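Reader: I'm new to this one and would like to walk through it slowly. Could you put it up so that we can look at it together?
Author: Of course, here it is.
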Amino acid sequence: IVVVMAPPIRRIALSTGGGDAPGLNAVIRAATLAAINRGWEVVGIRDGFNGLFLPELYPDGGLISLTRERVRGIVHQGGTTIGTTNRGNPTAYPVQQPDGSWIEIDRTPEMLALFAQHGIDALITIGGDGSLTIGHHLSEAGLRVIGVPKTIDNDLEATQSTFGFDSAVACATDALDRLHTTAASHNRVMVLEVMGRYAGWIAAHAGIAGGGDILLIPEIPYTYEAICKKIAEREAMGRLFTLVVVAEGAHPKGGAFVTHGEQAKDREARLGGVGEQVAEEIAKRTGKETRTVVLGHRQRGGGPTCADRLLCTRFGAAAVKLIQEEKYGRMVALRGNDTISVPIPEAIGRLRTVPPN
Ligand code: F6P
């Protein structure tokens, strides 16, 4: 009998993929320190996986050495110090053919060879559904992979919360607080468009915390009759202003998403504009003065809230512990007050939406 032992961990890589979210740096810091404390070396792959497999884009190196000094003082910083991208999935890489058409190729074998060439023994992929799906693919192919759930939309299965969500809700709630006073002063209808492509968690949480009167989320298609009825009820009670919170992915009954510009080959359609549509229709139907604010990427920018800093620190440290325990192919997750782990497939392929009840 020949027992083949997996080589010990000496060097791990971190990758941040997809749209950024407040708290990425806090995860990078926690994972780096936890790994260094175990005597391991840490590298960050620049811009998702691009730094590893598209070296031509990085003449000064696609890998960043993450040392204690490098992660010092970043727990409160927004963005990601190693960069991110939501293009160029290495497992379905778009390649243009001579006739102009596009095909997707799986560059997994090349990726595995590159991880080996750079002496990377394990990978922590920090991302949403897309990055975790890539991570799962690499894990199936034999790489030692751990996932950390990120997205401001909070729409990942198998974890009670993703990091970045609390910060996005804080930003949207602050916007609502500000809109509240100006709406009340002018007796206007104020429409706030927030992010939330398929799930209305940000709209629901910020809407409740910020005293929104009408919350429109993708999970519950709206009708203008219901919206205007609510405004009329408020007017009858002497409440002459109304705050409407609309998720970018909300749509009317039988209607579709409102998209922005042309859809790129390897990207989902950009959403945006539903807030203005809703405001215009309300003005037309009620005669009330309306204004729209699109919060956009402010929700993703800036530093994380205290709650996100703590969650990220727990997640980063837990991811490293999973590597030490050789529990690969798993994602760290929050359940109650506990940091647990689940197999990555439990988190991907379907989204956690707001239960309509
Ligand atoms: O998934 C997070 C998210 O912020 C969505 O809410 C939004 O639709 C999308 O990313 C925007 O992506 P981009 O920054 O590429 O426009």
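Reader: Which residue does L14 stand opposite in β6?
Author: L14 stands opposite I124 in β6, where strands are DSSP runs of E with at least two residues, helices are runs of H or I with at least four, and both are numbered from the N terminus. This is a predicted model, in which local features need pLDDT of at least 70 and side-chain atom pairs count only at pLDDT 80 or more, while totals for chains, interfaces and linings use all residues. Residues are numbered from 1 along each chain as its sequence is written, and side-chain values use heavy atoms, with hydrogens and water left out.

Reader: And how many bridges join β1 to β6?
Author: Five bridges join β1 to β6, and the two strands run parallel; strands count as paired if DSSP finds at least two bridges between them.

Reader: What sheet do they belong to?
Author: They are part of an open sheet of seven strands, in the order β3-β2-β1-β6-β7-β12-β13, with mixed pairing. Its edge strands, each pairing on one side only, are β3 (63-65) and β13 (338-343). Neighbouring strands of this sheet are turned by 30° against each other on average, direction ignored.

Reader: Which strands does α1 lie across?
Author: Helix α1 lies across β1, β2 (41-45), β6 and β7, and runs at about 175° to β1; such angles run from 0 to 180 degrees between N-to-C directions, with axes fitted to C-alpha atoms, for helices over the stretch in contact. Helix α4 (residues 129-140) lies across β6, β7 and β12, at about 160° to β6.

Reader: Back to L14, what does it touch?
Author: Not counting residues up to four places away in sequence, L14 touches several residues, among them I28, V42, L66, I82 and I124, where contact means heavy atoms within 4.5 Å.

Reader: Which residues touch the most other members of the largest nonpolar core?
Author: In that core of 33 residues they are I12, L14, I124, V148 and F163. A nonpolar core is a set of buried Ala, Val, Leu, Ile, Met, Phe, Trp, Tyr and Cys residues joined through side-chain atoms within 4.5 Å. The largest share of this core, eight residues, comes from α9.

Reader: Changing topic, what order do the strands of the four-stranded sheet take?
Author: That open sheet has the order β9-β10-β8-β11, with parallel pairing. The edge strands are β9 (214-216) and β11 (290-294), each of which pairs on one side only. Strands β8 (residues 189-194) and β10 (residues 242-247) are joined by six bridges, and V191 stands opposite V244 in β10.

Reader: How do helices α7 and α8 cross?
Author: The axes of α7 (residues 224-236) and α8 (residues 274-286) come within 11 Å and cross at roughly 65°. The crossing is right-handed, meaning that the near helix is turned clockwise from the far one by less than a right angle, with anticlockwise being left-handed.

Notes. Buried means under 20% relative accessible area, exposed over 50%, partly exposed in between (1.4 Å probe, protein chains only).
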